[in-house]
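I opened the notebook to record what I looked up in this model, going from the whole chain to single residues.

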Amino acid sequence: MAELITMLALSPTMDEGTLVEWLKKEGDSVKEGELIAEIETDKATMEMESFHDGVLLKLLAAKGDALPVGAPLAAARAERR
């Protein structure tokens, strides 16, 4: 089953983030804790990590997209342990 990866609040005052770069591409396997994207916040550019082991199925946001916290960034298939 696919799960959505959403824009996280990476700082307490963050309402929106800009996708600077994907560090993974569609079809790539990811491990929990592995970096998947760089996000520009209201304060700094930060790296976003995966919270699950799985596969990135579809990237829903493009480089340069400014998205509110909670907006979908990608769809992934999480592998259960």
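**Entry 1: the whole chain**

I began with burial: of the 81 residues of the protein chain, 35% count as buried, where buried means under 20% relative accessible area, exposed means over 50% and partly exposed lies in between, with a 1.4 Å probe and protein chains only. I note for the record that this is a predicted model, in which local features need pLDDT of at least 70 and side-chain atom pairs count only at pLDDT 80 or more, while totals for chains, interfaces and linings use all residues. Residues are numbered from 1 along each chain as its sequence is written, and side-chain values use heavy atoms, with hydrogens and water left out.

For secondary structure I found zero helices and eight strands in the protein chain, counted as DSSP runs numbered from the N terminus (helices H or I, at least four residues; strands E, at least two). The pattern along the sequence is accordingly written β-β-β-β-β-β-β-β. The radius of gyration of the protein chain is 12 Å, close to the 12 Å that the globule rule gives for 81 residues, so the chain is as compact as a globular protein of that length; the radius is taken over C-alpha atoms, and the rule is 2.2 Å times the number of residues to the power 0.38. I also looked up the extent of the C-alpha trace, which spans about 35 × 20 × 20 Å along its principal axes.

Taking contacts between residues at least 6 apart in sequence, I read that 57% join residues at least 24 apart, a contact being heavy atoms within 4.5 Å. The protein chain exposes about 4900 Å², and carbon and sulfur atoms supply 52% of that area, computed by the Shrake-Rupley method with a 1.4 Å probe, where for residues only the protein chains shown count as cover.

**Entry 2: charges and salt bridges**

The protein chain carries 9 positive and 16 negative charges, and their mean positions are 7 Å apart. In this count Lys and Arg are positive and Asp and Glu negative, with His and the chain ends not counted, and each charge is placed at NZ of Lys, CZ of Arg, CG of Asp or CD of Glu.

How many salt bridges does a search of the whole structure find? It finds three, a salt bridge being a side-chain nitrogen of Lys or Arg within 4 Å of a carboxyl oxygen of Asp or Glu. Side chains of opposite charge can pair when their charged atoms come close.

I looked at Lys24 and Glu34, whose closest N and O atoms are 2.8 Å apart in a salt bridge. This pair links distant parts of the chain, with Lys24 in the loop between β2 (16–22) and β3 (29–30) and Glu34 in the loop between β3 and β4 (35–40), 10 residues apart. Lys24 is buried at a relative accessible area of 18%, whereas Glu34 is partly exposed at 26%.

I then took Lys25 and Asp28, whose side chains meet in a salt bridge at 3.3 Å, N to O. Lys25 counts as exposed at 54% relative accessibility, while Asp28 counts as buried at 19%.

Glu26 and Lys58 also meet in a salt bridge, at 3.9 Å, N to O. Glu26 lies in the loop between β2 and β3 and Lys58 in strand β6 (residues 54–59), so the pair ties together parts that are 32 residues apart in sequence. Glu26 counts as partly exposed at 39% relative accessibility, and Lys58 counts as partly exposed at 44%.

Leaving out residues up to four places away in sequence, I list its contacts as Leu19, Glu21, Trp22, Leu23, Met46, Glu47 and Met48. Ala37 and Glu21 are 16 residues apart in sequence and 5.7 Å apart in space, C-alpha to C-alpha.

Gly33 is in the loop between β3 and β4 and counts as partly exposed at 37% relative accessibility. With residues up to four places away in sequence not counted, Gly33 touches Glu49 and Ser50.

Ala2 has its place in strand β1 (residues 2–6) and is partly exposed, with a relative accessible area of 48%. Ala2 touches Leu57 and Ala76, again not counting residues up to four places away in sequence. The C-alpha atoms of Ala2 and Glu38, 36 residues apart along the chain, are separated by 22 Å.
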